[in-house]
Amino acid sequence: MIRKPVNSRLAEFGTTIFAEMSALAVRTGSINLGQGFPDTDGPEEIREAAVRALRDGRGNQYPPASGVPELRQAVAGHQREHYALTYDPDTEVLATAGATEAIAASLLALVHPGDEVVALEPYYDSYAACIAMAGGKRVPVTLRPRDGAFRLDLDELRDAITPRTRMLLINTPHNPTGTVLTREELAVVAALAVEHDLLVVSDEVYEHLVYDEAEHVPLASFPGMRERTVTIGSAGKTFSFTGWKVGWVTAPAPLVDAVRSAKQFLTYVASGPFQYAVAEALRLPAGYFDAFRADLRAKRDVLAAGLTEAGFTVYRPAGTYFITTDIRPLGESDGFAFCQALPERAGVVAIPNAVFYDNRAEGAPFVRFAFCKRTAVLQDAATRLKRLAA
């Protein structure tokens, strides 16, 4: 018998909650509002661009290690057009197998064993695993409910930084809470990074999914931040092609070189034909992004209203396509037990937010629902969830 088959750094991590809850949805025939993937494809012209690349033989073999030139140029153009950030597509842009690989490669390349990485909790579950694989120590700074949203305590962030801190891992718009850090909050984050000479990995995959008065402001745009920030983007969330797994990193050349050094031993390359299609997607007119955002905002409102009627406390998100709720008004306090029972009680699957916390008791009463589904599906889910109120 093999003793300790799992590396000790990964001993706390098993099958992801997303796989577990999606399997539960299939097994029970429930509406899956757990895992964050759309139930419709993105723009037809972008899908056809991928087909055209396949037929033309572009990307069917290994693409360049940094990504096809067309994609790197499109990413650089996107950053320039939307945020006035200038990157050299040849040396400061790296294509990755989705944002998940970008996160892994960045942490493996830039975190030394024993380094502290300060991250905003609750956090996407791959953050914890990747910090562990790099041998780092995660230091959570918890977003807590205040005035109807989850907010960052800037004093707590300041206090979390020690001489052992190597990196800030920032996610805005934030999954799972839907919080979008304000320009003022980001200015403080940037000042702390500069003051303590910290690297920053900024996960901005939901950059175009902001609603109402919220705005997305890249951390790299603040004074002193471009040279220390690795910005991560992805096509999956913006264009509704999550299965294509096309992500990217933008950063100064030395940081891109470091991330590439780790990335080459993960997938090496991926998604060749889809890279060409995403290059075209990034050049879509502003009207596409506006319409996409308006559609998701309307879907958010449908699900938020249904959840409120069902008896949840609803934290209306300013960004992403997730809604976090509090189940305590329903007489519940254990999100895990609630989500396990929800398919039988209401025919809906959700995610317990506790999996995104180091201190699981902190996240126990919170449950996340995804609204990146067809409106009719969300309306059906809302009707089913009303059973809870009864």
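Ile-232 has Val-249 in E10 as its bridge partner. That pair belongs to a link between strand E9 (residues 229–234) and strand E10 (residues 247–250), which run antiparallel and are joined by 4 bridges. Strands here are DSSP runs of E with at least two residues, helices are runs of H or I with at least four, and both are numbered from the N terminus. Two strands count as paired if DSSP finds at least two bridges between them.

Before going further, a word on what you are looking at. This is a predicted model, in which local features need pLDDT of at least 70 and side-chain atom pairs count only at pLDDT 80 or more, while totals for chains, interfaces and linings use all residues. Residues are numbered from 1 along each chain as its sequence is written, and side-chain values use heavy atoms, leaving out hydrogens and water.

Now step back to the whole sheet. It is open, has 7 strands in the order E2-E10-E9-E8-E7-E3-E4, and its pairing is mixed. Strand E2 (93–96) and strand E4 (137–142) stand at the edges with a single partner strand each, so one side of each has no neighbour in the sheet. On average, neighbouring strands of this sheet are turned by 20° against each other, direction ignored.

Two helices lie across parts of this sheet. Helix H3 (residues 69–83) lies across E2, E9 and E10, at about 115° to E2. H9 lies across E2, strand E8 (199–203), E9 and E10, and runs at about 25° to E2. Such angles run from 0 to 180 degrees between N-to-C directions, with axes fitted as lines to C-alpha atoms, for helices over the stretch in contact.

Follow helix H9 (residues 253–263) and you will find Lys-263 in it. Is Lys-263 buried or exposed? Lys-263 is buried, with a relative accessible area of 2% (buried means under 20%, exposed over 50%, partly exposed in between, with a 1.4 Å probe and protein chains only). Its side chain makes a polar contact with the side chain of Thr-267 at 2.9 Å, and a polar atom of the Lys-263 side chain lies 3.1 Å from the backbone oxygen of Tyr-268. A polar contact is a pair of N or O atoms within 3.5 Å; within protein, one must be able to donate a hydrogen and the other to accept it, and residues adjacent in sequence count only if both atoms are side-chain atoms. Leaving aside neighbours within four places in sequence, Lys-263 is in contact (heavy atoms within 4.5 Å) with residues including Ala-65, Leu-94 and Glu-101.
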